[in-house]
Amino acid sequence: MSVGIHTPVAGIDNWSPSSWRDRPALHQPYWPDKAELEQATKALEDLPPLVFAGESRSLMSHLGRVANGEAFLLQAGDCAESFDSSADSIRDKLRVILQMAIVLTYSSGVPLVKVGRIAGQFAKPRSSPTETKGAVELTSFLGHMVNDIGFSEAERLPDPRRLLTAYHRAASTLNLLRAFTRGGYADLSRVASWNRQFVATSPAGRRYARMAEDIDRALRFMTACGVTNINTPQLHEVEFYTSHEALVLDYEEALTREDSTSGGWYDCSAHMLWIGERTRQLDGAHVEFLRGVRNPLGCKVGPTAAAEEILALCETLNPQRVPGRLTLITRMGADKVETLLPPLLRAVRDSGHPVAWACDPMHGNTYTSESGRKTRHFDHVLAEISGFFAAHAACGTWPGGVHVELTGDAVTECVGGADDISHEDLEQAFETLCDPRLNGRQSVDLAFRVAEMLSDSR
């Protein structure tokens, strides 16, 4: 791959990696030092890609199976990654995602596509550009890629040097993920060992332990029959892909490379990028930028979305109608999904666009507790997924996946679940940088519930 001159791309009208600059760009940081920003983005352009075009094409092929109703997408990870995440924290997050994938695959018999919100989820759009405490008003925390969560003028000042830190943090996280998924940690013989104590002592954890015993028994049977890991690498390696919201466009443009094999442009900051609910304007900079890169794309779809708008997005982001190119990630709210989603499903189905549909049950179900903490109730999360499956059943379409915010840490950020976390419990371990996440127990519990819905939908 190489960084080329930003000229229009053949087959894509008037597009270049910088053409987004002619469009309204919402939720971009105000960088006070433009010369420092230019220096940082130039340095990014000279660094190696974080991921490769062939990997993104492989993911698109897998997502094509999701769009065709032949596989299920599990997209999961942090709300906002921290520059301070330890290797143990990254490993534990991966472990929970692998546990969920095992539960979904084993219980439903449906192949799983595993995509993390990881190695790049360092920026967040905020509902307000400023935050006030007492008499002090400062720029909102926009994610570690932009500024710091500490509440002082210096900490909240957007700093372009953080773009380079984000790159290096993403690179180190990717190194760990590749080591864990290819180096033995993801071996199916280790399924039982993934059940950490605080997960294993929950009802879902005990259910997982019984399933792990069944898998271990099946592996011993296969070994006795002469089926070894040498002949079946799928037993000890995992295909795992990265994704994040392509929010800070200076960063994304700087990591966009021209593929020497295909001649296409790829955003090499992640395998998959998505457009958020706040930035999916058809005439906006984010849609303009992502329509020209060849990565698989996601687009969040909230309760205000109209069928005509969604069809226009499909035409803009996937005009060639390639299965796996576009995943529509719905975030309607538990009380709205069964009413608002079917018209969109029918419109896209009837248009012939081969999209994959996934459910984000987190963002439409956030509320503020009496203590002032943002939280989500496990039952509401589960209810939106249930409504998502019901809407697809009514329309004869495939409920292609779930998109959840979680952590491997023993946090208390979402209420409910098997442990019945209360609003009073939130103060015990509320550690998120932004929105509340499911902990390991709640995540494994959710996987079992989704697996039951998935089995019933086949």
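Residues are numbered from 1 along each chain as its sequence is written, and side-chain values use heavy atoms, without hydrogens or water. Because the model is predicted, local features need pLDDT of at least 70 and side-chain atom pairs count only at pLDDT 80 or more, while totals for chains, interfaces and linings use all residues.

Start with the helices. Two packed helices are described by the angle between their axes and the distance between the axes. Here, helix α1 spans residues 34-45 and helix α5 spans residues 161-182. Helices are DSSP runs (H or I, at least four residues), as strands are (E, at least two), numbered from the N terminus. The axes of α1 and α5 lie 8 Å apart, at an angle of about 25 degrees. The two helices are therefore roughly parallel to each other (angles under 35 degrees).

Now look at the contact itself (heavy atoms within 4.5 Å). From α1 come Glu36, Leu37, Ala40, Thr41, Ala43 and Leu44. From α5 come Arg161, Leu163, Leu164 and Tyr167. Of these residues, 7 are nonpolar, 1 is polar and 2 are charged (nonpolar: Ala, Val, Leu, Ile, Met, Phe, Trp, Tyr, Cys and Pro; charged: Asp, Glu, Lys and Arg; polar: the others, Gly among them).

Next, the backbone. His27 sits in the segment before α1. Its phi is positive, about 60 degrees, although His27 is not a glycine. His27 has a relative accessible area of 32%, so this residue is partly exposed (between buried, under 20%, and exposed, over 50%, with a 1.4 Å probe and protein chains only).

Arg321 is in the loop between α10 (307-317) and β10 (326-330). Phi of Arg321 is also positive, near 55 degrees, in a residue other than glycine. Arg321 counts as partly exposed, at 33% relative accessibility.

Terms used:
Axes are lines fitted to C-alpha atoms, for helices over the stretch in contact, and angles run from 0 to 180 degrees between N-to-C directions. Angles under 35 degrees count as roughly parallel, over 145 as roughly antiparallel, 65 to 115 as roughly perpendicular and the rest as oblique.
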